[in-house]
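The sequence and structure come first.

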Amino acid sequence: MSFDGVATYAAVKELKDSLFMGKIEKIYQPQPEQLLFIIHTKNGKRKLFMSSGSNHSAVYLVDETPENPKNPPVFCMVLRKHLGAARITDVLQHENDRIIEILMETVNELGFSVNKKLVIEIMGKHSNIMLVDMDTGKIIDSIKHVSIDVNRARQILPGKQYEYPPAQDKIPFCSVTENDMEAMLAGQAQPERSLLNNIQGISPALAESIALCGDPASCYARLRQIIAAIDNGAATPVVYIDEDDKPLDFHVTALSALEGSCRRLDFDSFSAAAGYFFRHRETSNTVKQKANDLLRHINGHLSKLRLKTQRLNEDLRKAQNSDRYRLYGELLTANLHAAKSGDDSVQVTNYYDGTAVDIPLDPRFSPAKNAQNYYKKYSKAKTAVKEKQIQLEETHRQIAYLESVAAYAERARTVEETELLRQELTDAGFIRYRKTRSGQQKKSKPQPLKYTLSSGKTVLVGRNNRENDWLTLKRAASSDLWFHTKDIPGSHTVLLLDGSEPEEGDLFEAASVAAYHSKGRDSENVPVDYTKIRYVKKPGGANPGMVIFTHNRTLYVDPKLPE
């Protein structure tokens, strides 16, 4: 992530322009490592967001107000005590490093004017936010306490003298001269490494982008161009996202290393770019975490069901060999005179084929009682075959259902989708019920994915099995077309016709959408069944999303979404 010294320089420039002489009205601490200041400025209220999280260390302006805890944490109460009604007098960057200082003027309990500053160190897992008394230089409090057990060289505790992180033997990027650049790059096989090791405040991605300019003069001109653009308010911050719309990096200038491999989004302000990057990256990480949690539950149940299938098959094989019990019973009944009480076996002739058969006997019982026991074993085995087959079919249905939910979890892109899947599994009994704050489950309106084909017709796709049922059984008309991958877990896909007839291109495009929203997304030539909605039925007692259909045809397509 490129929140380096240059990005910090841009953030300070934007904050100074927006917050100068602003008055702090409210202070919140939405999360243990986050702060939100609501500041009244000459241009209206602005919301300043700060985070010292290892994966979200940043400072930028936001528009929304995150949910806050009912009881504010201790650090939030300290800030409210010392910075209530404080006025921002300046915003500075320390030596082109990733350290932002917000200088404030306020009054103490005696009514005297005092100066304090908020120091935000944006340094990954070592990030921190500290309130410092400018007259004494001592730390009033910090969002993270660093004791001597954690860091012997630099403790961050209330009452300690604030010290900046150890200085690096580098040239601040604003102070680099053309001669410095020539000295750094002379005879270097890896110029980007030399820039990174000698210039303070640039990230590896930015160093690579500057080094690609070639000769030292061009590299120096590129660095000065970036600084000038920030100073003049002409910088165009960018965010780079991958093919799954997951943010990979952002900066105040284009990063050559990502230009060809990622999609680029341009923004008007640094805060807009930073907000988009961190918001979507956090959402992506949260979705991944929640989806993995669901997959862990699903895989656990699948393992149990597959083991149950194996045992049922073994029981069936044993039960299907029960014909010998019937034979033993018949032959023993016909040859009671040949056996005596207390015998442990008897040899009789099989009147079906004339062969000799040895029949094991229980010496505790009479020959007649042994014959009755064999008939009971035969009857019990026959009953077991029927029961085991019913259990086996139900187990196969449960496995198919869980595999379909797993496919949705793997493709989930929003927190809402994962929560809907969790609720579906809870209703099905696979996850223990979890009470909401209100004590009742929240019902959400189905919102299937919507695509427009090249002909203008609309295709709807269910995001989970409950939406599949709603889409197929309630939303679609009987004349609409229903699509689903053949023998592959996937979404119900409906082509809305509104009484018209589909063209051949519509069928293939809709089938490609169905293939894309299935477990066969990464395959080619995927088989997709389609039929009219009137031929799709849901058996009684079936799991959500499970249907049967007739009058179907099959298309072979490559997974693809409409242009």
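## Aromatic pairs

In this predicted model, Phe250 and Phe270 are both buried. The structure contains 17 aromatic pairs, and one of them is formed by Phe250 and Phe270, whose rings are tilted, with 5.8 Å from centre to centre and 50° between the planes. Because Phe250 belongs to strand β13 (residues 247-251) and Phe270 to helix α8 (residues 270-319), this pair ties together parts that are 20 residues apart in sequence.

Phe483 and Tyr530 form an aromatic pair that is stacked, with 5.5 Å between the centres and 20° between the planes. Phe483 lies in strand β19 (residues 481-485) and Tyr530 in strand β21 (residues 526-532), so that the pair links distant parts of the chain, 47 residues apart. Phe483 is buried at 0% relative accessibility, and Tyr530 is likewise buried, with a relative accessible area of 12%.

## Ring cluster and Phe49

Ring pairs also join Phe3, Phe49, Tyr60, Phe250, Phe270, Phe277 and Phe278 into a cluster. Within this group, Phe49 is placed in strand β3 (residues 44-53), and its relative accessibility of 6% counts as buried. Leaving aside residues up to four places away in sequence, Phe49 touches Gln34, Leu35, Leu36, His56, Ala58, Val59, Tyr60 and Val62. The C-alpha atoms of Phe49 and Pro66, which are 17 residues apart along the chain, are separated by 9.9 Å.

## Nonpolar cores

The largest nonpolar core has 72 residues, of which Phe37, Leu48 and Leu195 touch the most other members. Helix α1 (residues 5-19) supplies the largest share of this core, with 8 residues. Beyond residues up to four places away in sequence, the contacts of Leu48 are Leu15, Leu19, Leu35, Leu36, Phe37, Ile39, Val59, Tyr60, Leu61 and Ile102.

## A charge over a ring

The charged end of Arg521 sits over the ring of Tyr516, at 4.0 Å from the ring centre.

## Cysteines

How many disulfides does the structure hold? The number is 0. For Cys174, the closest cysteine sulfur is that of Cys219, and because the two sulfur atoms are 17 Å apart, they are too far from each other for a bond. Cys174 is partly exposed, at 28% relative accessibility, whereas Cys76, with a relative accessible area of 1%, is buried.

Definitions and conventions
Residues are numbered from 1 along each chain as its sequence is written. This is a predicted model: local features need pLDDT of at least 70, side-chain atom pairs count only at pLDDT 80 or more; totals for chains, interfaces and linings use all residues. Side-chain values use heavy atoms; hydrogens and water are left out. Helices (H or I, at least four residues) and strands (E, at least two) are DSSP runs, numbered from the N terminus. Buried means under 20% relative accessible area, exposed over 50%, partly exposed in between (1.4 Å probe, protein chains only). Contact means heavy atoms within 4.5 Å. A disulfide is a pair of cysteine sulfur atoms within 2.5 Å. A nonpolar core is a set of buried Ala, Val, Leu, Ile, Met, Phe, Trp, Tyr and Cys residues joined through side-chain atoms within 4.5 Å. Rings of Phe, Tyr and Trp (its six-membered ring) pair if their centres lie within 6.5 Å; planes under 30 degrees apart count as stacked, over 60 as edge-to-face and the rest as tilted. A charge sits over a ring if NZ of Lys or CZ of Arg is within 6 Å of the ring centre and within 35 degrees of the ring normal.
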